Amino acid sequence: MPFVRKNIYKDFDVSFSFNPLTGDIGSKSDTNAINQSIRNLINTNFYERPFNPTFGCNIRALLFEPADVITILDMKSAINDAISNHEPRVSLIDVIIQDNSEVNAYNITILYNIVADNTVQEFSTVLKRLR
């Protein structure tokens, strides 16, 4: 019988949900753990993490800039730098950003390759400007 690797990557669930069987804090594994990490990385501004001022993406600073090609390129660059510097479990393939001006938001899709098992995954999120 071939050896099957289970849970290459495992992180705790940041929603702090409990495991109903053990009562311990919940966990995320593999692709879900990486997606949670990418979401946290994108939503974190610089200087939000004590003793690690360069962690994050600082993309919220760009949400109130004019919705044009330059802002989208700046967002792509910020996401690319953040993932390349702070998420060693993946290699970035592409960042696709679509302007959704009708609802003051950006649709972000990130294509990445998981380094450990060489599979291509997709992460999508919506960044909204709130008033």
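The model is predicted: local features need pLDDT of at least 70, side-chain atom pairs count only at pLDDT 80 or more, and totals for chains, interfaces and linings use all residues. Residues are numbered from 1 along each chain as its sequence is written, and side-chain values use heavy atoms, with hydrogens and water left out.

**Salt bridges**

- Arg-60 and Glu-48 form a salt bridge through their side chains, at 2.8 Å from N to O.
- Both Arg-60 and Glu-48 lie in the loop between helix H1 (31-43) and helix H2 (69-86), so the pair ties together parts that are 12 residues apart in sequence; helices are DSSP runs (H or I, at least four residues), numbered from the N terminus.
- The side chains of Arg-89 and Glu-87 also meet in a salt bridge, at 2.7 Å from N to O.

**Accessibility of the paired residues**

- Arg-60 is partly exposed, at 36% relative accessible area, and Glu-48 is partly exposed at 42% (buried means under 20%, exposed over 50%, partly exposed in between; 1.4 Å probe, protein chains only).
- Arg-89 is buried, with a relative accessible area of 14%, and Glu-87 is buried at 3%.

**Surroundings of Asn-45**

- Asn-45 is located in the loop between H1 and H2 and is buried, with a relative accessible area of 16%.
- Leaving aside residues up to four places away in sequence, Asn-45 touches Phe-55, Asn-58, Ile-59 and Arg-60, where contact means heavy atoms within 4.5 Å.

Note on methods:
A salt bridge is a side-chain nitrogen of Lys or Arg within 4 Å of a carboxyl oxygen of Asp or Glu. Helices (H or I, at least four residues) and strands (E, at least two) are DSSP runs, numbered from the N terminus.
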